[in-house]
Amino acid sequence: MKTICKFSAAAVAVMTLSSAASAADIVEIASGDERFSTLVAAVSAAGLVETLQGSGPFTVYAPVNDAFAALPEGTVETLLKPENKAQLTNVLLYHVDDRKLSAEMIPSGSNYFKPVLDSERLCITKNSSGVSIADGTGEIANVVIANIEADNGVIHVVDKVLLPGTRPACH
């Protein structure tokens with residue numbers, strides 16, 4: 001009887017932990033992962049925390065710290081200054097879609113997608129190699145981890161900061 005009670009308690013604990021994990025919003029998930037500390041600081045500086053904690057749905061193409069570090073020296077520090085909040089907000093909103101798009105929902109081939117920064121477009125390509133995203137600079141980010149589920153959307157981890165600019169070629 002004692003063994004059954006221990007098993008039941010363990011099963012309840014595991015079920016509770018998985019329920020708690022799936023109940024986290026996009027900001028909570030990013031804040032709990034040190035690979036996103038620069039992204040979290042930027043979201044906070046732009047005043048977008050409450051927005052990304054909202055009901056969504058959202059798809060966030062989340063750059064890791066190394067992606068921010070690959071930007072030209074001083075770029076992140078400049079964007080984080082209060083006087084550059086509008087520019088930072090535009091860069092961050094370029095990483096967000098106002099739909100929940102799992103990797104399976106992205107059609108094969110190259111297609112334009114409209115981020116929340118609606119004056120811009122991304123070209124998302126899905127093929128046998130995975131999913132990649134061309135931004136306004138024409139450079140490519142790769143989705144390195146897809147489908148991190150949040151209660152208000154999904155996160156796809158990318159290896160480059162997406163930058164607005166000209167409409168990327170999408171063919």
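**Note on the predicted model**

1. Read along the sequence, the elements of the protein chain run α-α-α-α-β-α-α-α-β-β-β-β-β-β. That gives 7 helices and 7 strands. The model is predicted. Of the 171 residues in the protein chain, 40% are buried. Take the contacts between residues at least 6 apart in sequence: 63% of these join residues at least 24 apart.

2. The largest nonpolar core holds 44 residues. Y61, L92, I124 and I133 touch the most other members. Leaving aside neighbours within four places in sequence, Y61 is in contact with H95, L101, L122, I124, I133, H156, V158 and L162. Two of these partners, I124 and I133, are named above beside Y61 as residues touching the most other core members.

3. Helix α7 covers residues 85–93. Its buried residues are L88, T89, V91, L92 and L93. They pack against α3 (37–45), α6 (75–79) and β2 (96–97). L92 is also one of the residues that touch the most other members of the largest nonpolar core.

4. Y94 sits in the loop between α7 and β2. Is Y94 buried or exposed? Y94 is buried, because its relative accessible area is 0%, and the cut-off is under 20%. The side chain of Y94 reaches the backbone oxygen of R121 at 2.9 Å. Y94 and Y61 are 33 residues apart in sequence, yet their C-alpha atoms are 8.8 Å apart in space.

5. T59 belongs to strand β1. T59 counts as buried because its relative accessible area is 0%, with the cut-off at under 20%. What does the side chain of T59 reach? It reaches the backbone nitrogen of L101, at 2.7 Å. Neighbours within four places in sequence aside, T59 is in contact with H95, V96, D97, R99, K100, L101, V154 and H156.

6. How many cavities of 30 Å³ or more does the count give? The count is 1 cavity. The elements giving two or more residues to the lining are α2 (26–31), α3 and β1. The lining divides into 12 nonpolar residues, 1 polar and no charged. α3 also packs against the buried residues of α7.

7. Two backbone points deserve a check by eye. Most residues other than glycine have a negative phi, and most peptide bonds are trans. The bond joining G56 and P57 is cis, with omega about 10°. P57 lies in the loop between α4 (49–52) and β1 (58–63).

8. N147 is found in strand β6, residues 140–150. Its relative accessible area is 23%, so N147 is partly exposed: buried would need under 20%, and exposed over 50%.

Key
Residues are numbered from 1 along each chain as its sequence is written. This is a predicted model: local features need pLDDT of at least 70, side-chain atom pairs count only at pLDDT 80 or more; totals for chains, interfaces and linings use all residues. Side-chain values use heavy atoms; hydrogens and water are left out. Helices (H or I, at least four residues) and strands (E, at least two) are DSSP runs, numbered from the N terminus. Buried means under 20% relative accessible area, exposed over 50%, partly exposed in between (1.4 Å probe, protein chains only). Contact means heavy atoms within 4.5 Å. On a 1 Å grid over the protein atoms alone, a cavity is a set of points where a 1.4 Å probe fits but cannot get out, and a pocket is an open set with protein on both sides within 12 Å along at least five of seven lines; lining residues have an atom within 4 Å of a point. Grid points are joined across faces, edges and corners, and a volume is the space filled by probe spheres set on the points. Ala, Val, Leu, Ile, Met, Phe, Trp, Tyr, Cys and Pro count as nonpolar, Asp, Glu, Lys and Arg as charged, and the others, Gly among them, as polar. A nonpolar core is a set of buried Ala, Val, Leu, Ile, Met, Phe, Trp, Tyr and Cys residues joined through side-chain atoms within 4.5 Å. A polar contact is a pair of N or O atoms within 3.5 Å; within protein, one must be able to donate a hydrogen and the other to accept it, and residues adjacent in sequence count only if both atoms are side-chain atoms.
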